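Subject: Model for you to look at

Hi,

Here's the model I promised to send over.

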2 protein chains.
Amino acid sequence: MEKTDAVSALGALAQDNRLDVFRLLVQAGPDGLSAGAVAEALGLAPNSLTFHFDRLRAAGLIAVRRDGRSMIYTAQYEQMNALLAFLTENCCGGVSCAPAAECKPARKRKSEIA
Amino acid sequence: MEKTDAVSALGALAQDNRLDVFRLLVQAGPDGLSAGAVAEALGLAPNSLTFHFDRLRAAGLIAVRRDGRSMIYTAQYEQMNALLAFLTENCCGGVSCAPAAECKPARKRKSEIA
DNA sequence: CCCTTATTTCAATATTCGTTGAAATATGGA
DNA sequence: TCCATATTTCAACGAATATTGAAATAAGGG
C-alpha cells in the first residue's frame, strides 16, 4: 500500500460515524448491509450517510452493489489488512516488527434474509 | 483503547506531513529527535511543525521533553500498539481475528550525538 | 546583560469537513 | 402509468484544518 492510500484510509476511519459504519459492515460480513439498514442501525440521516459511504469507498474500505431498490455496502477486508500491514511495517523503521495482523469476516453467513 | 482515542489517533496519522513525522520518530527510536531535526529532515516550517506535534501529542502518539534549547519528541509505541489492537479487534465482529500486531523500537540506540 | 539559537504562540487565511433541507434519480409494484 | 420506497445529488452553512508571517518565549554563551 502506498502512503497516499494509507492517509486516505486513515482519514476515512478517523471520524466517529464512519468508524461506526465500517465496524458495522465488518460485523455484517461479506453479505453486507443496505444503506437503509445502516442508517437505521446508527441513526444517521441517509444523505449524510451517502457522504460517509463515498469517503469510505474512495479509500477502498467498502464496496457497493445494487440489489433492487437498495444499495448494499460491504467491507473490503483486504484493504483493511493492507492498512494494518502498512502501519505495522512502518512502525519499526521499515522492518516489520510483528506478523502482520489480518482481518477476515467473522464467519460465513448463511445467506439470511436482508 | 476507547473509540474516542482511536478516532483521535487515526486523525493524527491521517495527514501526509504528520504520518511522515510519526514514521521518522518511530525510526529514530526511544532517543527521539529534536523539533529542528524533524523540521530539517522533512523540510517543514517550524511553526507548522509545532501544530502537527500538538496533534500527535494530543493523540498520545508522541511525547516531548526539553533538552537545553531543544524540544525532543519521541514516538509512544504503546499508544500505536493500542491503536493496532483496537483496529484488529474491531475488524472481525468484536473478536480478534489475529494476534495483535505489536510495535517496538527498532533497536536500542547507543546514545549518539543529536 | 546582550546576542544568538530553538521553538512556540498568535492572527489571518484558504481549504476541507460534516450536517441539513430540498429536490432529483432509480427501482419495483398496483 | 402512477405511486411509494430507497438512495443520491445539490446548495448552503458553520466548524475544523493546514499553512503562513510576525512576534513572543525559553535557554545557553559571551
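B:A75 sits in strand β3 of chain B (helices, H or I of at least four residues, and strands, E of at least two, are DSSP runs numbered from the N terminus). With 26 other C-beta atoms within 10 Å, B:A75 is buried (buried takes 20 or more such neighbours within 10 Å, exposed 12 or fewer, partly exposed anything in between, with C-beta atoms placed from the backbone). Leaving out residues up to four places away in sequence, B:A75 touches B:F22, B:L25, B:V26, B:L61 and B:I62 (contact means C-beta atoms, placed from the backbone, within 7 Å). B:G29 is 46 residues from B:A75 in sequence, yet their C-alpha atoms are 7.3 Å apart.

Before going on: this is a predicted model, where local features need pLDDT of at least 70 and side-chain atom pairs count only at pLDDT 80 or more, while totals for chains, interfaces and linings use all residues. Residues are numbered from 1 along each chain as its sequence is written, and chains are lettered from A and ligands numbered from 1 in the order in which they are written.

B:Y73 is in strand β3 of chain B too, and B:Y73 counts as buried because 24 C-beta neighbours lie inside 10 Å. Its contacts, again not counting residues up to four places away, are B:L25, B:G32, B:L33, B:A35, B:V38, B:F53, B:I62 and B:V64. B:P30 is 43 residues away along the chain, with 9.3 Å between the C-alpha atoms.

On to the helix pairs. In chain B, the axes of α2 (residues 16-28) and α3 come within 11 Å and cross at roughly 120° (axes are lines fitted to C-alpha atoms, for helices over the stretch in contact, with angles from 0 to 180 degrees between N-to-C directions). That makes α2(B) oblique to α3(B) (under 35 degrees is roughly parallel, over 145 roughly antiparallel, 65 to 115 roughly perpendicular, the rest oblique). The contact involves B:N17, B:D20, B:V21 and B:L24 from α2(B), and B:V38, B:A41 and B:L42 from α3(B). By class that is 5 nonpolar, 1 polar and 1 charged (Ala, Val, Leu, Ile, Met, Phe, Trp, Tyr, Cys and Pro are nonpolar, Asp, Glu, Lys and Arg charged, and the others, Gly among them, polar).

In chain A, α2 (residues 16-28) and α4 have axes that come within 10 Å and cross at roughly 70°, which means α2(A) is roughly perpendicular to α4(A).

Finally, the DNA. DNA strand D is surrounded by 21 residues, with A:S34, A:G36, A:N47, A:T50 and A:S70 closest, and its surface divides into 6 nonpolar, 11 polar and 4 charged.

Cheers

Note on methods. A residue is near a molecule or strand if its C-beta atom, placed from the backbone, lies within 6 Å of it. Two residues are in contact if their C-beta atoms, placed from the backbone, lie within 7 Å.
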